[in-house]
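I opened the model to go through it piece by piece. My notes follow in the order I looked things up.

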Amino acid sequence: MILTKQYRCIHSASCVCTKGHLTEEIIFLVFNHLNWNPKLIAALSCSCKWFDDLAKRVLWKEFCKTRAPKMMLDLQSSGSHSVDGNWRALGKLLIYCSGCKKDGLFNSTHIPGHFVYRTRFSRTSGKSFLLPQCRTDVLYVSDPCEHLDQGDEGDIGFFRGIFKSFATSKVRKMLIKRSAPLHPTEVCPYCKAKLWNMLAAKMIPSSASCRLGAYEDCIEYYVCLNGHVLGICTLLPLSDTDEASED
């Protein structure tokens with residue numbers, strides 16, 4: 001069956017798809033059949049601005065709803081039909097560990113970013129990262145992505161997360177009240193927004209290290225203006241008992 005192309009790219013005369021586009025409905029059905037494959041969505045986005053706009057409006061949204069349906073329903077339950085920082089940024093946060101670069105955001109050893117096949121995000125875990133006076137906020141946080149045997153740095157864990165309705169959250173209000181500094185050069189790897197340093201603002205409770213299984217004085221995290229969270233910690237070593245049980 002030959003599909004008729006319907007739309008023309010109005011964004012660029014040099015676009016490779018000058019002969020027209022398939023309808024949005026057909027593209028939707030194709031990617032639904034492909035189970036919203038993120039690599040293919042990213043590849044389509046690079047082909048032209050028309051496809052990039054479609055991916056940001058529709059495809060990344062469907063990817064997020066498929067990958068984390070309960071979490072997406074909760075994030076949108078305040079009545080908003082969008083997510084802070086856009087769907088593409090959230091889709092990347094769900095599947096990408098940003099790592100760190102030497103003398104970068106965390107001033108740690110260089111650990112390249114990479115895609116992770118599956119990560120669990122927990123609203124219950126998120127409570128452990130909030131001060132008691134902010135625990136009515138909703139924060140989803142991932143399990144740490146482990147990078148073991150990093151020399152003098154030990155076993156490193158990266159975690160990421162997202163606030164629900166960050167613009168009206170108590171955490172944001174407290175950051176502003178405390179005049180928390182924004183990082184002068186680094187930006188969020190997911191949406192390119194400025195980042196608040198939660199450690200500098202003295203807003204990381206001891207319960208966060210307990211939740212991560214990390215040293216209490218070796219945890220740091222940032223939150224961007226759109227409510228995306230990214231953090232690093234030094235993980236505690238497994239005890240002999242734990243290692244035996246793992247075996």
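**Confidence first**

I then checked residues 1-7, where the pLDDT is below 50. Beyond near neighbours in sequence, that stretch still has 16 contacts in the model. Residues 243-247 also stay under 50. For them I found one contact beyond four places in sequence. Where pLDDT is low, predicted coordinates should not be read in detail. I therefore leave such detail alone.

**Pocket**

Next I looked up the largest pocket. Its volume comes out at about 460 Å³. I count 20 residues in its lining. Which of them lie nearest the centre? They are Pro38, Lys39, Trp60, Ile95 and Phe115. I then sorted the lining by element. Helices α2 (38-45), α3 (49-67) and α5 each give two or more residues. Which element supplies the largest share of the lining? It is α5, with five residues.

**Helix α5**

That sent me to α5, which spans residues 87-95. Is this helix mostly covered or mostly open? I find it mostly covered, with seven of its nine residues buried. The buried ones are Trp87, Ala89, Leu90, Gly91, Leu93, Leu94 and Ile95. Ile95 I had already noted among the residues nearest the pocket centre. I also checked how the helix starts. Asn86 caps its N-terminal end. A side-chain oxygen of Asn86 lies 3.0 Å from the backbone nitrogen of Arg88.

**Strands β8, β9 and β10**

Last, I traced the strand pairing. β8 (residues 194-197) and β9 (residues 214-224) run antiparallel, joined by three bridges. Across from Leu195 I see Cys224 of β9. How many bridges join β9 to β10? I get six, and these two strands also run antiparallel. β10 covers residues 228-235. There, Leu230 is the bridge partner of Tyr222. I then followed the chain from β9 into β10. The two strands form a hairpin, with three residues between them. Gly227 sits in the turn and has a positive phi of about 90°. One reminder to myself for reading side chains here: in a regular strand they alternate between the two faces of the sheet.

Note on methods. Residues numbered from 1 in each chain as written. Predicted model: local features only at pLDDT ≥ 70, side-chain atom pairs only at ≥ 80, totals over all residues. Heavy atoms only, no water. Buried < 20%, exposed > 50% of the residue type's maximum accessible area, 1.4 Å probe, protein only. Helix = DSSP H or I, 4+ residues; strand = E, 2+ residues; numbered from the N terminus. Polar contact = N/O pair within 3.5 Å; in protein donor to acceptor, adjacent residues only side chain to side chain. Pairing = 2+ DSSP bridges. pLDDT = per-residue confidence, 0-100. Contact = heavy atoms within 4.5 Å. 1 Å grid on protein atoms, 1.4 Å probe; cavity = no way out; pocket = protein on both sides within 12 Å on 5 of 7 lines; lining within 4 Å. Points joined across faces, edges and corners; volume = space filled by probe spheres on them.
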